[in-house]
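Student: I have just opened this structure and would like to learn how to read it. Could you walk me through it?

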Amino acid sequence: MFATPEQFAATNKANIETLLTLANTAFASAERLAALNLNTARSLLEDGVSNAKALLAVKDAQELVSLQTSLAQPLVEKAVAYARNVYEITSQSQEEVSKLLEGQVAELNKGVASALDKAAKSAPAGSDVAVAAVKSAIAAANSAYDSMSKAAKQVAEIAEANVAAATNATVKAVSTTSKAAAKKAA
């Protein structure tokens, strides 16, 4: 398969670079998620302390109901923002890995096409039909891969739109509920 040791070394170098790129992408995503989790935990702790202080200062039931509704909305909004950030980080990571894999598939296809052309030149007479059949099968596989890739991207876009719509609806519902509860308490 490899004509020279240089080709073998070049292929190994390319594979190592690909693995390093994958590892860097994974570590960058893990780092971003860890930072997000740390910031979220810090924020929740600070909010918890201030909420506890506010609850301890409550003097009657009406004030307690009013305080509960005012505390619920920011918590839900922070939860939605956190989920949105996690989704964004994972989507970006998936996109980077997908681009890398698409590049690898393209390189593999070039290699197979090159090897097939070399084999066709040295093949015995009459083997043109077999070579054409293999080329046709490879073209069909590439077409199927492209179709699946496009379909997966469309599904991801639809899912992203649905997540955005659901988070907006959740925030609006909590806001409406909080306002209605505050009016009842007043």
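Tutor: Gladly! Helices (H or I, at least four residues) are DSSP runs, numbered from the N terminus, and the expected span of a helix is 1.5 Å times one less than its number of residues. The model is predicted: local features need pLDDT of at least 70, side-chain atom pairs count only at pLDDT 80 or more, and totals for chains, interfaces and linings use all residues. Residues are numbered from 1 along each chain as its sequence is written, and side-chain values use heavy atoms, leaving out hydrogens and water.

Student: What span should α1 have, and how far apart are its end C-alpha atoms?

Tutor: The 52 residues of α1 should span 76 Å, and the end C-alpha atoms are 76 Å apart, which agrees.

Student: How do I describe two packed helices?

Tutor: Use the angle between their axes and the distance between the axes. Axes are lines fitted to C-alpha atoms, for helices over the stretch in contact, with angles from 0 to 180 degrees between N-to-C directions. Here, the axes of α1 and α2 (residues 61–122) come within 10 Å and cross at roughly 180°. The two helices are therefore roughly antiparallel (angles over 145 degrees).

Student: Which residues of α1 are buried?

Tutor: Buried means under 20% relative accessible area, with a 1.4 Å probe and protein chains only. In α1, these are Thr18, Thr25, Ser29 and Leu36, and they pack against α2. Thr18 counts as buried because its relative accessibility is 13%.

Student: What does Thr18 touch, not counting residues up to four places away in sequence?

Tutor: Contact means heavy atoms within 4.5 Å. By that rule, Thr18 touches Leu100 and Gln104.

Technical notes:
Buried < 20%, exposed > 50% of the residue type's maximum accessible area, 1.4 Å probe, protein only. Parallel < 35°, antiparallel > 145°, perpendicular 65-115°, else oblique.
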